[in-house]
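Subject: Structure for you to look at

Hello,

Here is the structure, with notes on what turned up around the ligand. Please read them with the model open.

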Amino acid sequence: MSGIEGKVIAVTGASSGIGEATALSLAEGGAKVVLGARREARLEKLAARIAAAGGQAAYLPTDVTRRADLAALVDLARDRFGRLDVLVGNAGIGPISPLDSLCVEDWEAMVDVNIKGFLYGIAAALPVFREQASGHFVTVVSTSGLRIVPNQSVYAGTKNAVRTICEGLRQEAGPNLRVTVVSPGYVRTEFADHIHDEHVLSQIGDSMDAIAIPPESIAAAIAFAIEQPAAVDVGDIVVRPTAQS
Ligand SMILES: NC(=O)c1ccc[n+]([C@@H]2O[C@H](COP(=O)([O-])OP(=O)(O)OC[C@H]3O[C@@H](n4cnc5c(N)ncnc54)[C@H](OP(=O)(O)O)[C@@H]3O)[C@@H](O)[C@H]2O)c1
């Protein structure tokens, strides 16, 4: 199967930003989308918007820090649409701060959402992909992991852990499964709303205001990877603002 039309695609973190834009774009391309995130009202609204435009969407309140929630999201895809072709692992948080601030709860949250949440997606989807002898993991990491800068070490560490696991997954995946990582730079979303450190927030906010690109730019890169023929595995895509250093 190639293209986007007819594919069953689950998206985590679909309630805002990159996940929302990706779900909309894939649904417009004819995919049956399965939306997961914690804010149910947002998912309901998005699913209704997709249905009103003639698309197909199902949704389930999903907290990626709970393994059972990811299993239920994949079950929903199979119950409603008969299979799962792609898991877009997009849910992520970045409450960044200097290490000296010892924001240990934020470190733990980033590990739980960005790393463990991603792993629970593998645990839920990999057996299904094996059974189908086809499937595609598309995972959103970050340019934070490519150019390490102060205040972002824990966030970058979580994203690079995921990058590393994806490369191992790709090598173990065999000839039928595809594994793509997408590294966005500054993207205009709600991402910065979760930064608690006032100084870091104002720095990131300034950069966002000056150069951030729209989430649709990342959605287009994700769609590009998905729409390739099954024998073509797009491994790594970096999409950053032209003005980003
Ligand atoms: N914006 C950027 O500049 C940028 C740059 C590089 C990488 N990224 C990555 O892009 C991805 C999407 O972020 P975004 O920029 O679109 O920010 P966003 O608008 O804040 O979206 C984050 C999404 O993740 C979901 N999420 C957070 N915690 C979750 C949890 N425990 N369980 C399920 N879903 C959860 C949120 O939904 P709920 O709150 O409803 O659960 C939301 O849908 C993240 O992985 C982020 O690290 C962003």
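This is a predicted model: local features need pLDDT of at least 70, side-chain atom pairs count only at pLDDT 80 or more; totals for chains, interfaces and linings use all residues.

The side chain of Thr-189 has an N or O atom 2.6 Å from an oxygen atom of the ligand, which is a polar contact (a pair of N or O atoms within 3.5 Å). With the ligand's own accessible area at 870 Å², the protein covers 97% of that area (Shrake-Rupley method, 1.4 Å probe).

Residues are numbered from 1 along each chain as its sequence is written, and side-chain values use heavy atoms, without hydrogens or water.

The shell around the ligand (residues with a heavy atom within 4 Å) has 31 residues, and Ser-15, Arg-38, Arg-39, Tyr-155 and Thr-189 come nearest. By class, 15 are nonpolar, 11 polar and five charged (Asp, Glu, Lys and Arg count as charged; Ala, Val, Leu, Ile, Met, Phe, Trp, Tyr, Cys and Pro as nonpolar; the others, Gly among them, as polar).

Mean pLDDT (the predictor's confidence in each residue, from 0 to 100) is 97 for the protein chain, and 99% of its residues reach 70 or more.

Regards

Definitions and conventions. A polar contact is a pair of N or O atoms within 3.5 Å; within protein, one must be able to donate a hydrogen and the other to accept it, and residues adjacent in sequence count only if both atoms are side-chain atoms.
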